[in-house]
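Please open the structure in the viewer and keep the selection panel at hand.

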Amino acid sequence: MLDISIFRNDLDGAVEQLKRRGVDFDRVHFSNLEAQRKTVQVQTQTLQAERNSRSKGIGQAKAKGEDIAPLLAEVGTLGEQLKAAEEELQGIQRELNELFMGLPNFLDESVPEGKSEDDNVEVRTWGEPTSFDFEAKDHIDLGAQLEQMDFDVASKITGSRFVTLSGPLARLQRALTQFMLDLHSDVHGYSETYVPFMVNSESLKGTGQLPKFEEDLFKLSGDSGYYLIPTAEVPVTNIVRDTIIDAAKLPLKFVAHTPCFRSEAGSYGRDVRGMVRQHQFEKVELVQIVRPDEAEEAHEALTNNAEMVLQKLGLPYRVVVLCAGDTGFSATKTYDIEVWLPGQQKFREISSCSHFGNFQARRLKARWRNPETGKPELAHTINGSGLAVGRTLIAVMENYQTEEGRIRIPDVLKPYMGNRELV
């Protein structure tokens, strides 16, 4: 959530920041709410002081033997007025909070202008796009030929946008997961973390999925109020909700493997074939909680950590910085890592690595104690996929395919696959 004091001190600047996002902030409505808040807040403070003063007068009058009934009546009337003013103030503050819960984060000044993914800017590439001396198949055709990937069976079991994997292909997905976890925990220094796959609404508010994006979530029926997680970012980042972290413990670096569940509302007609966009998929997620002065460097490092997975797998990719119109709601800056898919002859997103500034931390009340001042300050949060397992499986299938429709096993995965050569 954005800091309301920025709007109070520099409304013009805040409005301009939101315009980069395409958000037309209703400054008149905000100014009216602020004027009401100030008026009612002063009224509340005045009534509080008056009631306290009259209450002291009751004790003095009683000590003198005077009739205190009129004073009691006055204090009672003041109490009723104060309660009404406090309720009005709470109502205004709730309305302000709802307004700000719906506002996206300010963008980093380095984020390029633009309206859509077409305006994203390539930062770097790694490797050359894979080419073959035969016509490359996509993962759908490869999986069908192997008889180890079945969308029809999954549709019968559940519905569209699900898949079943079997045999060596299922093991290959498991091998990718294990490889990523080992790399990030053993080499990159992340602490492997197991978290719930269901969360409450407060957790989703903390990371920015609620209230704005509820249609993208799967909510469980009944009285629990739980939601299936759309990403491990939600439960992992909420580990530090309502906490003050010792500065010596920063940065906190977590890696978690979880299933993810998304309704994909608004994506109908996009990627309807195959495993690119599904209701259920798996990710290995990286999360860092850092000091503000170390956040930019940590964002770059986390992105590099995710890239290393592709480099070790020998998969060509590129990194793009998202433009203003394509950057997610909570992020101040995002890099997308896009892997080359020969079957589609294009780069496709396999990871988004985002820096959130203190946007999530303000919602979460996630703070660290600055040893120089001794006071708690908001931490900065960073996360990214390291990587989306299903999309990595697709990339391995398409980049390591043979003319016969088999899949060669990348060298780093062979120990996880019983040292076999092919799927």
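Twelve aromatic pairs are found when the whole structure is searched; rings of Phe, Tyr and Trp (its six-membered ring) pair if their centres lie within 6.5 Å, with planes under 30 degrees apart counted as stacked, over 60 as edge-to-face and the rest as tilted. This is a predicted model, in which local features need pLDDT of at least 70 and side-chain atom pairs pLDDT 80 or more, while totals for chains, interfaces and linings use all residues. Residues are numbered from 1 along each chain as its sequence is written, and side-chain values use heavy atoms, without hydrogens and water.

Select Phe 7 and Phe 25: the ring centres are 5.1 Å apart and the planes stand at 50°, so the pair is tilted. Phe 7 belongs to helix α1 (residues 4-9), whereas Phe 25 sits in the loop between α2 (11-19) and α3, 18 residues apart; helices are DSSP runs of H or I with at least four residues, numbered from the N terminus. Both Phe 7 and Phe 25 are buried (under 20% relative accessible area, 1.4 Å probe, protein chains only).

Next, select Glu 34 in helix α3 (residues 27-63). Glu 34 is buried, at 6% relative accessibility. Beyond four places away in sequence, Glu 34 touches Ile 4, Arg 8 and Leu 96 (contact: heavy atoms within 4.5 Å).

Finally, move to Glu 307 in helix α10 (residues 295-313). Glu 307 is buried, with a relative accessible area of 3%. With residues up to four places away in sequence not counted, Glu 307 touches Arg 124, Tyr 317, Val 319 and Ile 337.

Terms used. Helices (H or I, at least four residues) and strands (E, at least two) are DSSP runs, numbered from the N terminus. Buried means under 20% relative accessible area, exposed over 50%, partly exposed in between (1.4 Å probe, protein chains only).
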